Amino acid sequence: MTDVTSAKSARRPHHWRRDLIELAALFTAVAVADAIANLIGHQPDGPYLLMASALALAATAGFHTWWARRHSHAPPPDTGTDTEGVSGPGVLDSGSVSPADEAGETVLWRMRTTVRDAPGSLAALCTVLAGYRIDILTLQTHPLAEGTVDEFLLRAPTALPAQQLTRAISAAGGSSTWIERADAHDLVDAPTRVLGLATRTALDAAELPLALRQLLGRCTIHSLPAVSITGRATGETAPVEGVLEETVMRLRDPSGGVITVERPYLPFTPTEFARARALVELDARLGPRVPRSEHVLTLPEGNEITVRRADRDDLEAARAMHDRCSEQTLRLRYHGPVRDADRYLDHLLSPRFGRTLAVQTASGRLVALGHLLWDGDETEVALLVEDDWQRRGIGSELLARLVALAVEAGCESVYAVTQASNTGMVAAMRALSLPLDYQIEEGTLVITARLDATPVRSLPPYEQAEH
């Protein structure tokens, strides 16, 4: 109670000097009035003059009171969160707030729509978003020959359906609207994200396909070599400057061949094409490169092994390991004629098609290879362990590390192609303790490990129906 009283006193201080002056003025006015009354009261029209003076004084006092209240020096109304009884263009109608809004339950969306390149087009979209209590976190514009593509990162109420939002955007002038769920990683602004992708690409050539996928969103990337495994020319080439055709982008692969990027429904913009081409050019200028990190492990039997990244510099050592492997081991790994096994090595060891881990002994002999291969939207894992080093835990160690790389790369699942008789590979996949799917395809066993049980689905672009 003491604090409240002192606070009120602080807002309305008592000015004793002003009261003293007003009291002195009152006494002076009484003295002057008494003198005037004695002087005028004895005149013939004295009473009438006194009544007129009284009315004039009353009118003057009333006017002074009205003027003081209208132009008072009281502090302005409290501008806090309490807006009850206040209306105007800057105050939202509390009746339009849903329970979900009050609870603060929101989700992140990435939305892209095409608008006319005219003043007020963007303002119309922002007005619609504000009406649904949607917060615009980031905005990018992609100019086209006709119109502009606006890409938003939005924080919207959880209860708001995506279809309702796309219909509202279409009514506001947006067309070919694409919307998909986003996550906290998308909160990074575009320049920072592009610089981060360029840094990852500069450190590791295997990052280029992943960087392109993160740069362009949900898309399918294929690296098509200029020369097949059998040594024949595939005819896959692309101009140095690349080719952009609506939802297909073709870029010249620095290692030869072409990188094809496809995205359903949503056409690529010239801005996205320029960014992708810049990443590919950076990769071409830096040349082949693989991080040189090594991890020394001790097997249960006491032998030390080293796990490291491998590339085409390990081609001869990998061929020597093939020579020491039995035909049965090579057949289980490559699912074809044993004599063709060496042909796959140049492709498998290329960082353009994935990542490879090598296991070598203390003497430097290569005894195992593990591959994480980019296969469009999917990711394949494959293992080859030399016969004398099998059943020592090397395959499980390699597979666990490959899956960790896949998770780091944002893959939703990995699959292994093997045979039911390959008990070692089946046991290694089961040891991951991940949800597994089994499928028989053309006599082979395909085991898929789901790394993300709840993948994010995208909605196709919404076009306004013509009437």
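**Loops, a hairpin, a helix pair and a core**

At 58% relative accessibility, E246 counts as exposed, where exposed means over 50% relative accessible area, buried under 20% and partly exposed in between, with a 1.4 Å probe and protein chains only. The model is a predicted one, in which local features need pLDDT of at least 70 and side-chain atom pairs count only at pLDDT 80 or more, while totals for chains, interfaces and linings use all residues. Residues are numbered from 1 along each chain as its sequence is written, and side-chain values use heavy atoms, with hydrogens and water left out.

E246 lies in the loop between β6 (243-245) and β7 (248-252); helices (H or I, at least four residues) and strands (E, at least two) are DSSP runs numbered from the N terminus. The phi of E246 is near 55°, a positive value in a residue other than glycine. Most residues other than glycine have a negative phi. R133 also has a positive phi, near 60°, and is found in the loop between α5 (121-131) and β2 (135-143). At 27% relative accessibility, R133 counts as partly exposed.

L125, V128 and L129 of α5 meet L165, A168 and I169 of α6, contact meaning heavy atoms within 4.5 Å. The residues of this contact divide into 6 nonpolar, no polar and no charged; Ala, Val, Leu, Ile, Met, Phe, Trp, Tyr, Cys and Pro count as nonpolar, Asp, Glu, Lys and Arg as charged, and the others, Gly among them, as polar.

Strand β9 (residues 294-298) pairs with strand β10 (residues 304-310) in the antiparallel sense over 5 bridges, two strands being paired if DSSP finds at least two bridges between them. They form a hairpin with 5 residues between them, and G302 in the turn has a positive phi of about 105°. V296 stands opposite T306 in β10. Strand β9 is hardly covered, with 0 buried residues among its 5.

The largest nonpolar core has 34 residues, of which V359, L372, V381, I394, L398, L399 and M429 touch the most other members. Such a core is a set of buried Ala, Val, Leu, Ile, Met, Phe, Trp, Tyr and Cys residues joined through side-chain atoms within 4.5 Å. Its largest share, 7 residues, comes from α13. Leaving aside neighbours within four places in sequence, V381 is in contact with residues including L372, L399 and M429.
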